[in-house]
Amino acid sequence: MRPDFLRPVRPVIAGITSVFAVTIAHAESAHGIAMYGDPALPPDFVSLPYANPDAPKGGKVVFGNTGGFNSLNPFVQKGSSPWQLRFWTHESLMGRSWDEPFTLYGLLAESVETAPDRSWVEFTLRENARFSDGNPVTVDDVIWSYETLGTEGHLRYRGLWGKIDSIEQTGPRTVRITFNEPDRELALIAGLRPILQKAQWEGKDFANAALQDVPIGSGPYVVDSYEAGRYVNLRRNPDYWGADIPFRRGTMNLDEIRIEFFGDGTVLFEAFKAGELTAVREFNADKWNTQYDFPSVQRGDVVKTEIPHGKPSGMTGFVMNTRKAPFDDWRVREAMLLAFNFEFINDTITGSAQPRITSYFSGSDLGMQPGPATGRVAELLQLYADDLPPGALEGYALPVGDGSARNRANIRKANKLLAEAGWTIQDGVLRNQNGQDFTITVLLQQGDSEGQTAIEIYTRALERLGIKVNVEQVDSAQFVGRNAELDFDITFLRRALSLSPGNEQRLYWGSENADVQGTRNLMGVASPAVDGLIDAMLTSESHEDFVAATRALDRVLTAGRYVIPIWNFDVGRIAHAKELKQPQTLPIYGDGPEYMPQVWWYEE
């Protein structure tokens, strides 16, 4: 709770609360805000360090998505929309620099101000900020957006709303958000919320909008045309208000972006080879090395570009639903990890060209260290000693196979653990003491050929343990719906993690939303240790404590054996038409999904 002298005082004039709040405690407004320390760029910066301020504008590009879409509103839970829309058509108050762990600079807002303890944050809107229809972005739009997204929007937006004590206009173009309790990251999260136009949704059902109700944004691009499930065409707004602000200078250079939808990755790749797409991202190193030798590559019309990065591995793999038996038992989950013959599967699919993910933050300074926990990490873990999974304190590493197809030693270990958990082979079938078969359903999305191959190999190993496996491949809409309803035993998971993890960790593995439909906590983690370590991470006042808390969290998640990790995407790989160019300076986050269309340009 903040002391009374830090709370805003609202003078009442003629019975009407003034919109101009007065506070005794005052902090200087700034052009940016960082999680720790000061922003790297000065107030008079010209452009982002990885953008070319002199990049030419123009050109048309075509990208490909797999699956389909039945909505053009990416801000609500209902339906499936192209993921790109929320990055290209709408602006937030602040924008993130991908060359710093977590720093924001002014976008719709020209400045930001926050209390020393970050118990509140205040943004001042740019006078010239406009929606694509020419109407100004107002404080009223900002307040409405926060409340609407927080109560009716996609689950990813709702967590912040519960942490807001008040949101109020404090000047003609200023808005102040006061939080329930101080949290270093909340001021930054608040700055990244998309701002929508209030007037567009008056008298309409925002959460259940029809396909044709395309949200009006303030971003560089507008939806020009579309055909449900087939394509979306975006055009750069010639009247875009922010073209010359420092954060946007040299970005969003393409005149037209078309997103074509394909049934699966194989069809998409063939379309690229035929020249129907301008660029593709390749996640399979073996395919990159062996299948990108088609004629347009040989002629030089298509260029292969590799982009390094310094971000954590994140977690990619097959997640187990721990809300129900048999995956509520860590011994069963460890047996499933032992049976997953990664070395053989990786050699089959990627030619062993990609390393395995070893923990959630592996490949970065935030990742857990090998061996027993020491120092501050051990101190933090000891607070939750009774709740820790085996190996969190002592040290845990993923099982390693011998590389053979049979993987006999690990299968024997898996069989022993299953027996300890009460599962034994009866008439060739694994059953518990009640005679119940060990039968699981693996949910995959159609077009996921690599996932299908991995599961086919995995299934053979599980059958040797007496486990029955049903593999269900469904279209993208069903896949999203089934995951939202938590209707799976095992499914595919991808969680990208940053160098500045924060409140999103509660969404990914916090207990508060573990059993809520639509949760991003697919594994159903409900651990006091995980919750406590996320809190320790968020309330850290020094970078050293922050690193220790994150390493401790990484240990508990990894030793919890919730996910069967696969390979790490350690280098970004983009094949593209030779006309697409990029700046020489690369951001530390590499080729994130916002990077390529944000700072690349088209040049004949």
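Relative accessible area sorts residues into buried (under 20%), exposed (over 50%) and partly exposed in between, with a 1.4 Å probe and protein chains only. The views show a predicted model, in which local features need pLDDT of at least 70, side-chain atom pairs count only at pLDDT 80 or more, and totals for chains, interfaces and linings use all residues. Residues are numbered from 1 along each chain as its sequence is written, and side-chain values use heavy atoms, with hydrogens and water left out.

**View 1. Salt bridge between E227 and R230.** The side chains of these residues meet with N and O 3.3 Å apart, a salt bridge being a side-chain nitrogen of Lys or Arg within 4 Å of a carboxyl oxygen of Asp or Glu. E227 counts as partly exposed at 35% relative accessibility, whereas R230 counts as exposed at 52%.

**View 2. Salt bridge between D224 and R235.** The closest N and O atoms of the pair are 3.2 Å apart. D224 lies in strand 11 (residues 221–227) and R235 in strand 12 (residues 231–236), so the pair ties together parts eleven residues apart in sequence; strands are DSSP runs of E, at least two residues, and helices runs of H or I, at least four, numbered from the N terminus. D224, at 41% relative accessibility, counts as partly exposed, and R235 counts as partly exposed at 39%.

**View 3. Salt bridge between D255 and R236.** Here the closest N and O atoms are 2.4 Å apart. D255 stands in the loop between strand 12 and strand 13 (256–262), and R236 in strand 12, 19 residues apart.
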